[in-house]
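Have the viewer open while you read.

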Amino acid sequence: MAREALIKRTTKETDITLKLNLDEFGESSINSGIGFFDHMLTLFAFRAGITLHVDCQGDLEIDGHHTVEDIGICLGQAIKKALGDKRGINRYGSSRIPMDESLAVVDLSVANRSFLVFNAEMPSPLVGGYETELTEEFFHAVANNGGITIHINLEYGKNTHHINEAIFVAFGDALRKAVQITSDRIPSTKGTLSV
């Protein structure tokens, strides 16, 4: 049985449909209305080895905040839903990704414990039309709604595009390792990761 989830979320700020399949490495389609963010989510999905479809109509006439944060909420919810009781998963994932002059490290645990550590300074406030401070907001939303502990550390970097790319790719790579099926047990001495 495929580990997949469909999340629909509508507010006065955004209307989002997000679908993911953790066991299918297919062609993803991302439409957030923010080109650079679409690029980052596409890279994330590719490195995670998943299929991700996102369609969002957001209040971009204000700015990108609601769109980016709300997609993070939906992605976190979808990961949590798709994993179910998390039986057999590896639980932990770590990745170091170089992107030219930048090096990002992401360590995570998919154990229903929401926490974000984010140590990454953005040299430029904008890449294209994307506000780079929203990267941290996105990962806060994913962590809080997915029950995921995520540590993101930029070891060094100068180019803001490369920094974000390294972070999103490292997150995808770490998630791929964490959700990999490695046994038939719940990966916790508590006997559960669902509460």
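## Helix and strand packing

H3 and H4 are roughly parallel to each other, a label given to angles under 35 degrees. This is a predicted model, where local features need pLDDT of at least 70 and side-chain atom pairs count only at pLDDT 80 or more, while totals for chains, interfaces and linings use all residues. Residues are numbered from 1 along each chain as its sequence is written, and side-chain values use heavy atoms, leaving out hydrogens and water.

Helix H3 (residues 134-146) packs on helix H4 (residues 160-179) at about 15 degrees, with the axes 12 Å apart. Axes here are lines fitted to C-alpha atoms over the stretch in contact, and angles run from 0 to 180 degrees between N-to-C directions. Helices are DSSP runs of H or I with at least four residues, strands are E runs of at least two, and both are numbered from the N terminus.

What makes the contact? H3 brings Thr-135, Phe-138, Phe-139 and Val-142, and H4 brings Asn-164, Ile-167, Phe-168 and Phe-171, with contact meaning heavy atoms within 4.5 Å.

Over to the strands, where a pair needs at least two DSSP bridges:

| Strand | Partner | Sense | Bridges |
|---|---|---|---|
| E2 (residues 14-21) | E4 (residues 51-58) | antiparallel | 8 bridges |
| E3 (residues 29-31) | E4 | parallel | 3 bridges |

Definitions and conventions
Angles under 35 degrees count as roughly parallel, over 145 as roughly antiparallel, 65 to 115 as roughly perpendicular and the rest as oblique.
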